[in-house]
Amino acid sequence: MDQSDALTDWILANPTISTLVGLGLLALTWLWVHLGTRGDPPGKVGKPRQPVRTEGYRPDGAVFIPLELGPVVIDLQPGIRDTLHVGIGGTTGLGKSTSVLSLFDLPIGILVCALDNTGPITGKVRSLPDGVEWTNDPAWGVGLDILQGPPRLVSEGLVAGYTARTSQDTGKYRRFARMRLWSAIEQLDAWGIERNLPDLVLALGQRSGEVEIDRACRDWAGQLTTLAKTLGPALGSDLDLVAAMRQRKKVLLRLNRFLSPEDAPMLGGMLLVHTRRAAEEAGVPFVIVVEEAGQLGQYQAQISALAQAGRDRGTPLVIISQNLSLLPLEVRNNASVWVSFAQEDEAELRFAGHKMRLKPEQLEREAFPDLGKGWCYVRAPGVPTTLVHVRKASSASPRRRVSVADAVAANVRTPENGHSRVEIIELERMQRPGLPAPGADMLDLLERVYRDGECERWSGKHDRAGHKVACTKECEDKEHADGCYGLVWWPLEEPRLDPKTGKLKTHEWQRVHRVRWRLSYGPIPLGDDGRPLTVDHRRTCPKDCSRLDHLVDLCTGSENSRRRWRVRGVSRTP
């Protein structure tokens with residue numbers, strides 16, 4: 001018997017010793033599990049599990065379409081026949097939309113197809129003199145031309161976005177509906193008749209003797225009719241995407257899903273098809289940005305076709321999504337630039353880890369500085385995985401001065417490239433005079449203004465001046481609220497001491513129409529009685545309307561009372 005056997009027999013023969021040895025082994029196991037393998041503390045980056053760069057990068061030579069991600073600059077068109085698509089993923093609120101704002105300062109067109117609301121891009125487009133925003137709000141004032149373009153694409157757009165009702169739905173009836181629309185558009189063009197939805201609806205409703213096909217086409221005709229009535233002036237001829245890209249405008253197509261949730265899938269598909277039409281026909285360099293909030297699964301066919309069109313025409317495509325793992329395989333294979341903010345979903349962690357060449361746990365929020373706010377990994381051709389910080393862009397910051405080199409050799413239309421290229425030459429930074437961009441308070445105020453007929457009304461808090469005596473404080477009756485002023489928590493022109501609390505007040509609840517008047521025309525002066533003048537509304541306006549051309553002028557309170565006969569429908573002679 002050797003010494004190890006003798007030691008084992010001695011331990012087993014002494015119960016106390018055996019117990020102590022067992023407890024010691026358990027303690028060692030616990031220490032190894034809880035201390036030896038634990039991750040980095042929240043909000044900090046410890047020793048990376050794999051080497052990760054933090055150094056900046058910039059391509060050598062001229063940069064044609066630069067995407068700036070912190071210290072890393074990536075040229076999205078490094079060659080005449082080389083176009084890079086970008087996938088940007090991550091959870092909400094970490095800076096995905098902010099990461100592309102540098103593109104909007106380039107002297108080329110930007111076309112954004114937002115399948116849901118997007119705050120940073122909306123604010124950027126509204127701050128630019130060449131920015132154009134379209135939304136599916138009939139009162140917005142901009143009509144999108146959905147009937148312009150080749151019959152092939154127009155007919156596809158009119159039936160795009162419908163989801164299959166059953167697993168056996170192969171799209172057979174969709175194809176029949178599209179062919180009817182295609183033929184009808186060609187006939188209208190041949191007869192010299194302007195394209196219009198009523199004639200296309202009639203063409204869909206024609207009987208062919210095929211009962212199932214006729215029924216499906218009538219269903220499409222009904223949905224097109226509903227769509228036309230729902231959108232109204234939002235469908236028109238004001239905005240032609242191809243012309244806008246040739247004019248280097250920054251266009252935002254923003255789908256507000258809450259206005260027409262039933263029509264949202266169809267509208268989203270239609271917008272993607274017309275975005276593809278711009279890529280195929282514009283013939284000039286521009287960038288397409290598709291932003292969606294979990295809607296990617298509905299539009300895989302349109303996204304695939306858009307990526308292919310961008311690749312063929314030299315138009316970079318930037319896809320911003322919470323669910324990049326749902327991208328079609330051909331799109332994933334064509335994307336060359338990957339940007340990943342922090343992830344939460346297990347499938348997205350695995351997908352992002354694969355694309356970033358990292359372990360999934362390195363992409364959890366706790367593994368990023370500041371819990372991932374503004375931090376992301378980027379990987380691109382020639383750029384190994386790099387951790388960068390994307391600073392929140394200030395819309396009022398000086399824009400980079402650029403010039404367009406029209407005489408460069410690459411700026412020649414050829415059968416090989418099919419379009420011109422624009423070389424961007426960086427010059428000295430300079431401050432350009434101009435109106436300041438709206439601040440965060442102003443953008444927040446405008447987000448809560450909604451159209452009601454010709455009026456711009458307030459969706460936030462109201463005072464109780466117009467409520468009926470019998471109303472409770474919780475009354476939200478629209479008819480009762482028509483007599484109430486909208487209230488917004490707004491900075492004071494000059495901070496003052498609160499006599500009740502003795503503290504300095506910097507904000508207070510103020511009437512929305514007075515705030516908008518001051519922002520547009522300056523401070524409201526005092527009247528002869530020493531009180532601030534009243535902002536008088538146009539006749540028939542509800543009190544919470546703040547549309548500037550509905551605010552007639554300034555007058556005293558007594559004069560405003562004498563004018564009641566012509567305001568808000570009150571019938572009384574002066």
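Colleague: What share of contacts between residues at least 6 apart in sequence join residues at least 24 apart?
Modeller: In this chain, 65% do, where contact means heavy atoms within 4.5 Å. Bear in mind that the model is predicted: local features need pLDDT of at least 70, side-chain atom pairs need 80 or more, and totals for chains, interfaces and linings take in all residues. Residues are numbered from 1 along each chain as its sequence is written, and side-chain values use heavy atoms, with hydrogens and water left out.

Colleague: Why is Asp75 called buried?
Modeller: Its relative accessible area is 7%. Buried means under 20%, exposed over 50% and partly exposed in between, with a 1.4 Å probe and protein chains only, so Asp75 is buried. Across the chain, buried residues make up 44% of the 574.

Colleague: Where does Asp75 lie, and what does it touch?
Modeller: Asp75 is in strand β2, residues 72-75. Strands are DSSP runs of E with at least two residues, helices are runs of H or I with at least four, and both are numbered from the N terminus. Leaving out residues up to four places away in sequence, Asp75 touches Pro59, Ala62, Val63, Phe64, Ile65 and Leu84.

Colleague: Which backbone nitrogens does the Asp75 side chain reach?
Modeller: That of Phe64, at 3.2 Å, and that of Gln77, at 3.0 Å. A polar contact is a pair of N or O atoms within 3.5 Å; within protein, one must be able to donate a hydrogen and the other to accept it, and sequence neighbours count only if both atoms are side-chain atoms.

Colleague: How many aromatic pairs turn up in the whole structure?
Modeller: The search finds three. One of them is Trp489 with Trp509.

Colleague: What makes the Trp489 and Trp509 pair edge-to-face?
Modeller: The ring centres are 5.5 Å apart and the planes sit at 65 degrees. Rings of Phe, Tyr and Trp (its six-membered ring) pair if their centres lie within 6.5 Å; planes under 30 degrees apart are stacked, over 60 edge-to-face, the rest tilted. So this pair is edge-to-face. The pair links distant parts of the chain, Trp489 in strand β16 (residues 487-497) and Trp509 in strand β17 (residues 504-511), 20 residues apart.
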